[in-house]
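Please consult the sequence and the model shown below while reading.

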Amino acid sequence: MTEQELEPLAAMHDVHGCTNVAAAGCRGATDLSAQVILLLKGVIYQEADADLWNALLNLQARVRDYVAVLDLELVLDEAEGYAFLRSRQETHDDATPKLPRLIARRPLSFPVSLLLALLRKKLAEFDASGGDTRLVLSRDEIVELVRVFLPESSNEAKLIDQIETHLNKIVELGFLRKLKAAAGQTAAFEVRRILKAFVDAQWLADFDMRLAAYQAQLSTVIAEGGPNSDKQGAAA
């Protein structure tokens, strides 16, 4: 199967004010260049730095013009409280010269794509319930979400280790935040709301088609009693 692709930031990390802009001389959050450098470094969250966020709101028109020269666009969601840069949509106009990508697309493995799709759907269900704004799931809850899509395995510890590896990748991408667990409790993760900006309806539709093909393949493997069914499922 071909890998699902996603175009995250050059570095999908939370940005906290001037502590991360030594290259800009820390000239202040109201400086246009400093704002752009922060956005090139990662996501700006309202909850992380309210002053920085308010400055970005005031400068957003100038930031959009500034990054357009680099063939980037500013994505800013005031309701959800996040902002980031991404490559502008490609045109099919042959007369328009294509610029090199400043932000490269990252191919995702099937298990990581599966987890992102399941987390996105879980977030939609959570929002529909009208409860809290923060969706927090334990590691065990996430394991149960994905278990039904994987081949049965007699090695529970190995299964959990594999899923934790994929979870760490999603944390690295910036779509989950690992929370501190109390003594004796399993790890918990907050689903970052920025996931909604990357995993949209079209992405989910494309992935659902791949998932249906994967499940058909998995059913065939199980029906044939293939000796390597666990390996095939994990590597798909």
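## Terms and basis of the model

Angles between axes under 35 degrees count as roughly parallel, those over 145 as roughly antiparallel, those from 65 to 115 as roughly perpendicular, and the rest as oblique. The axes are lines fitted to C-alpha atoms, for helices over the stretch in contact, and the angles run from 0 to 180 degrees between N-to-C directions. Helices (H or I, at least four residues) and strands (E, at least two) are DSSP runs, numbered from the N terminus.

The model is predicted: local features need pLDDT of at least 70, side-chain atom pairs count only at pLDDT 80 or more, and totals for chains, interfaces and linings use all residues. Residues are numbered from 1 along each chain as its sequence is written, and side-chain values use heavy atoms, with hydrogens and water left out.

## Overall composition

The protein has eight helices and nine strands. Of its 236 residues, 40% are buried, where buried means under 20% relative accessible area, exposed over 50%, and partly exposed in between (1.4 Å probe, protein chains only).

A contact means heavy atoms within 4.5 Å. Among the contacts between residues at least 6 apart in sequence, 66% join residues at least 24 apart.

Helix 3 is followed by G130, which has a positive phi near 70 degrees.

Helix 3 packs with helix 4 at an angle of about 110 degrees, their axes lying 10 Å apart. The two helices are therefore roughly perpendicular to each other. On the helix 3 side, L114, L115, L118 and K122 meet I142, L145 and V146 of helix 4. This contact has six nonpolar, no polar and one charged residues. In this classification Ala, Val, Leu, Ile, Met, Phe, Trp, Tyr, Cys and Pro count as nonpolar, Asp, Glu, Lys and Arg as charged, and the others, Gly among them, as polar.

## Helix 4 against helix 5

Helix 4 (residues 139-147) and helix 5 (residues 156-173) have axes that come within 10 Å and cross at roughly 100 degrees. These helices are therefore roughly perpendicular to each other as well. From helix 4, R139, I142, V143, V146 and R147 meet E156, L159, I160, I163, E164 and L167 of helix 5. The residues of this contact divide into seven nonpolar, no polar and four charged.

I142 belongs to helix 4 and is buried, with a relative accessible area of 0%. Leaving out residues up to four places away in sequence, I142 touches L115, L137, L167 and F189. I142 and L167 are 25 residues apart in sequence, and their C-alpha atoms are 9.0 Å apart in space.

## An aromatic cluster

A pair of aromatic rings is described by the distance of the centres and the angle of the planes. Rings of Phe, Tyr and Trp (its six-membered ring) pair if their centres lie within 6.5 Å; planes under 30 degrees apart count as stacked, over 60 as edge-to-face and the rest as tilted. By this rule the count comes to three aromatic pairs. The rings of F84 and F198 have centres 4.8 Å apart and planes at 25 degrees, so this pair is stacked. F84 lies in strand 5 (residues 82-87) and F198 in helix 6 (residues 195-198), so the pair ties together parts that are 114 residues apart in sequence.

Both F84 and F198 are buried. The rings of F175 and F198, with centres 5.2 Å apart and planes at 65 degrees, form an edge-to-face pair. F175 lies in the loop between helix 5 and strand 8 (176-179), so its pairing with F198 in helix 6 ties together parts 23 residues apart in sequence. F175 counts as buried at 1% relative accessibility. Ring pairs link Y82, F84, F175 and F198 into a cluster.

## Two loop residues

R193 lies in the loop between strand 9 (188-191) and helix 6. R193 is buried, with a relative accessible area of 16%. Not counting residues up to four places away in sequence, R193 touches E80, Y82, L123, D127 and T133.

D71 is found in the loop between helix 2 (50-68) and strand 4 (72-77). Although D71 is not a glycine, it has a positive phi of about 65 degrees. At 23% relative accessibility, D71 counts as partly exposed.
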